[in-house]
Amino acid sequence: MTAGIMAFWGLNDEPVAATPTTWEVAGKYILKSVGTKNAALNNIRLTAALRSHGVPVPHIMKTTDGRDYILAEDGCYLLMEKLAGSHIKEVFEQDYESIAYETGIVIGKIHCAFMTVSDNRTGVNSFYQELMGWISRELSTSSLLTKEEWSGPMEALVSIYPQLPRQQIHRDLHYGNLLFEGTTLTGVLDFDLGKQDARLFDIAYFLAGQLLGYKDLMAIKHKWIRFISRFLSGYESMIILENNEKKALPLMIQCIELLFIAFWQQQENQEAAAETLRIFKFVEHVYGQE
């Protein structure tokens, strides 16, 4: 439902669909459907925290009567300024070492800013709880992996999880949610999934994401390993990782892939589940050789 919604901001321009949940308006704004009031409030408070620490985030435009969002029958809407910059694509075909280092600094800055954010909401599941709950239940019915294959890394991560530093995280960090001009960050986007959890989740999620879309993972194996090294060097110029985090990183990457295997199996998308399994096996291979 976007017809007529721009009137709340005093605009007459028709939104043009960019993604299933975003529309461009007059070349200057992005209208975003965030689903729920809580998601809208999450976006508002996290963008405020980042802006206060000098991290570029889109300004949220107030309606003509001073509201930060519009609650409609089909969800919640925010209107934000459109930021300059573009998404990094095909990173391994570029100067990926420099990009990795600079991105590590960027995510370190994001985590520094998020350290100031508290979240008193109750009932928000951590990844630990998800692993022990729906992910385990879903994988126990899977024909893609034996119990030994999925329970090994999961039990190892769960045993160390309580010792991992916990704070506000983004929970959906990938280059699609970061804007750059060259290697300069111009915007951080999409805070719908932010929550309090192990900060290592953001790091592992981002690093695992660099493997998506590659049919021949062995062909980029050494590049990916180097990417991780340079990324962590950049990150640790902002925040020093604890030994427990470094030990748990391979397990966290594997368990994030298990999350997606379980998710795609729930969605009955066997092709995506098989693709994720291939990445899981690759990560297992890489760290099994160390």
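User: Hi! Leaving aside neighbours within four places in sequence, which residues is Lys223 in contact with?

Analyst: Hello! This is a predicted model, and in it Lys223 is in contact with Phe92 and Tyr96, once neighbours within four places in sequence are set aside.

User: Where is Lys223 found?

Analyst: You can find Lys223 in helix 6, which covers residues 221-236.

User: How far apart are the C-alpha atoms of Lys223 and Tyr96?

Analyst: Their C-alpha atoms are separated by 8.1 Å, while along the chain the two residues are 127 residues apart.

User: Is Lys223 buried, exposed or partly exposed?

Analyst: Lys223 has a relative accessible area of 30%. Buried means under 20% and exposed means over 50%, so Lys223 is partly exposed.

User: Thanks! Let's zoom out. How many helices and strands does the protein have?

Analyst: There are eight helices and nine strands in the protein.

User: And what does the radius of gyration say about its overall form?

Analyst: The protein has a radius of gyration of 20 Å. A compact globule with 290 residues would have one near 19 Å, so the value agrees with that picture. Along its principal axes, the C-alpha trace spans about 60 × 40 × 35 Å.

User: How much of the protein counts as buried?

Analyst: Of its 290 residues, 52% count as buried. The accessible surface comes to about 13700 Å², and 51% of that belongs to carbon and sulfur atoms.

User: What about contacts between residues that are at least 24 apart in sequence?

Analyst: Take the contacts between residues at least 6 apart in sequence: 75% of those join residues at least 24 apart.

User: How many positive and negative side chains are there?

Analyst: The protein has 26 positive and 35 negative side chains. The centres of these two sets lie 4 Å apart.

User: Now the inside. Which residues touch the most other members of the largest nonpolar core?

Analyst: That core has 76 residues, and the ones touching the most other members are Phe127, Leu157, Trp224, Phe227, Phe231 and Met252. Helix 7, residues 243-266, supplies the largest share of this core, with eleven residues. Apart from it lies another core of twelve residues, including Trp23, Leu31, Ile70 and Leu79.

User: Let's stay with Leu157. What is it in contact with, leaving aside neighbours within four places in sequence?

Analyst: Leu157 is then in contact with Phe127, Leu131, Leu164, Ala248, Leu251, Met252 and Cys255.

User: I also see Phe201. Where is its place, and what does it touch?

Analyst: Phe201 sits in helix 5, residues 200-209. Not counting residues up to four places away in sequence, Phe201 touches Phe127, Ile169, Arg171, Met252 and Ile256.

User: Why does Phe201 count as buried?

Analyst: Phe201 has 1% relative accessibility, so Phe201 counts as buried. The cut-off for buried is under 20%.

User: Arg171 was on that list. What is its phi?

Analyst: Phi of Arg171 is near 75°, a positive value in a residue other than glycine. Arg171 lies in the loop between strand 6 (166-169) and strand 7 (178-181). At 11% relative accessibility, Arg171 counts as buried.

User: And Glu90, what is its phi?

Analyst: Phi of Glu90 is near 50°, which is also a positive value in a residue other than glycine. Glu90 lies in the loop between strand 5 (75-81) and helix 2 (96-114).

User: Is Glu90 buried or exposed?

Analyst: Glu90 is exposed, with a relative accessible area of 59%.

User: Changing topic again: where is Val55 found, and is it buried or exposed?

Analyst: Val55 is in the loop between helix 1 (37-52) and strand 4 (70-72). Its relative accessible area is 6%, so Val55 is buried.

User: Which residues is Val55 in contact with, beyond neighbours within four places in sequence?

Analyst: Val55 is in contact with Leu50, Lys109, Ile110, Leu185 and Val188. Val55 and Lys109 are 54 residues apart along the chain, and their C-alpha atoms are separated by 7.3 Å.

User: Last one! What about Lys37: where is its place, and what does it touch?

Analyst: Lys37 is in helix 1. Not counting residues up to four places away in sequence, Lys37 touches Tyr69 and Cys76. At 42% relative accessibility, Lys37 counts as partly exposed.

Key. Residues are numbered from 1 along each chain as its sequence is written. This is a predicted model: local features need pLDDT of at least 70, side-chain atom pairs count only at pLDDT 80 or more; totals for chains, interfaces and linings use all residues. Side-chain values use heavy atoms; hydrogens and water are left out. A nonpolar core is a set of buried Ala, Val, Leu, Ile, Met, Phe, Trp, Tyr and Cys residues joined through side-chain atoms within 4.5 Å. Buried means under 20% relative accessible area, exposed over 50%, partly exposed in between (1.4 Å probe, protein chains only). Helices (H or I, at least four residues) and strands (E, at least two) are DSSP runs, numbered from the N terminus. Contact means heavy atoms within 4.5 Å. The radius of gyration is taken over C-alpha atoms; the globule rule is 2.2 Å times the number of residues to the power 0.38. Accessible areas come from the Shrake-Rupley method with a 1.4 Å probe; for residues, only the protein chains shown count as cover. Lys and Arg count as positive and Asp and Glu as negative; His and the chain ends are not counted. The place of a charge is taken as NZ of Lys, CZ of Arg, CG of Asp or CD of Glu.
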